Amino acid sequence: MSRCRLSRERPTLDGLDRYVSAAERAAEAGQWNEAATCSLDFHRGVVHLIGSDRLDRFFLITVAQLRLAFSEVPIEAEFQSQ
């Protein structure tokens, strides 16, 4: 299975479907941490399409904070499947 990894690489419109497919596969397999990572990468790609370096940097910080928040969710499956 292809795994999503947050990186400084900027996603493109053509690559967004890869994140959706990977998130769906991870959710079906009960790999909620992986599903969350793919979802965040998808959203980071959407923000990147705006074309603003400032928004890209802002969203990278937001993604890091969201990952910390997700780590505190007691039942990740319930949270991520909503």
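A salt bridge is taken here as a side-chain nitrogen of Lys or Arg within 4 Å of a carboxyl oxygen of Asp or Glu. The model is predicted. A search of the whole structure finds one such salt bridge. Its partners are Asp 41 and Arg 44, whose closest N and O atoms are 3.2 Å apart. Both residues belong to helix α2. They are separated by three residues, about one turn of the helix. An α-helix has 3.6 residues a turn, so residues three or four places apart point the same way.

Thr 37 is placed in helix α2.

Helix α1 covers residues 16-28. At 1.5 Å a residue, its 13 residues should span 18 Å. The end C-alpha atoms of α1 are 19 Å apart, which agrees with that expectation. Five residues of α1 are named as buried: Leu 16, Tyr 19, Ala 22, Ala 23 and Ala 26. Seen down the axis of α1, the buried residues fall within an arc of 125°, so they line one face of the helix. Asp 17 and Glu 28 are exposed, on the other side of α1. The cover over the buried residues of α1 includes α2, residues 32-48.

Thr 37 and Tyr 19 lie 18 residues apart in sequence. In space, their C-alpha atoms are 8.9 Å apart. After α1 comes Gly 30. The phi of Gly 30 is positive, near 75°.

The surface also carries a nonpolar patch. Ile 50, Leu 55 and Phe 58 form this patch. Together they have about 310 Å² of accessible area. Phe 58 is located in helix α3, which runs over residues 53-70. The relative accessible area of Phe 58 is 52%. Phe 58 is therefore classed as exposed, since the limit is over 50%.

Note on methods. Residues are numbered from 1 along each chain as its sequence is written. This is a predicted model: local features need pLDDT of at least 70, side-chain atom pairs count only at pLDDT 80 or more; totals for chains, interfaces and linings use all residues. Side-chain values use heavy atoms; hydrogens and water are left out. Helices (H or I, at least four residues) and strands (E, at least two) are DSSP runs, numbered from the N terminus. The expected span of a helix is 1.5 Å times one less than its number of residues. Buried means under 20% relative accessible area, exposed over 50%, partly exposed in between (1.4 Å probe, protein chains only). The arc is that of the directions from the helix axis to the C-beta atoms. Contact means heavy atoms within 4.5 Å. Patches are made of residues with over 30% relative accessible area and no salt bridge: like charges are joined within 9 Å, nonpolar side chains (Val, Leu, Ile, Met, Phe, Trp, Tyr) within 5 Å. Accessible areas come from the Shrake-Rupley method with a 1.4 Å probe; for residues, only the protein chains shown count as cover.
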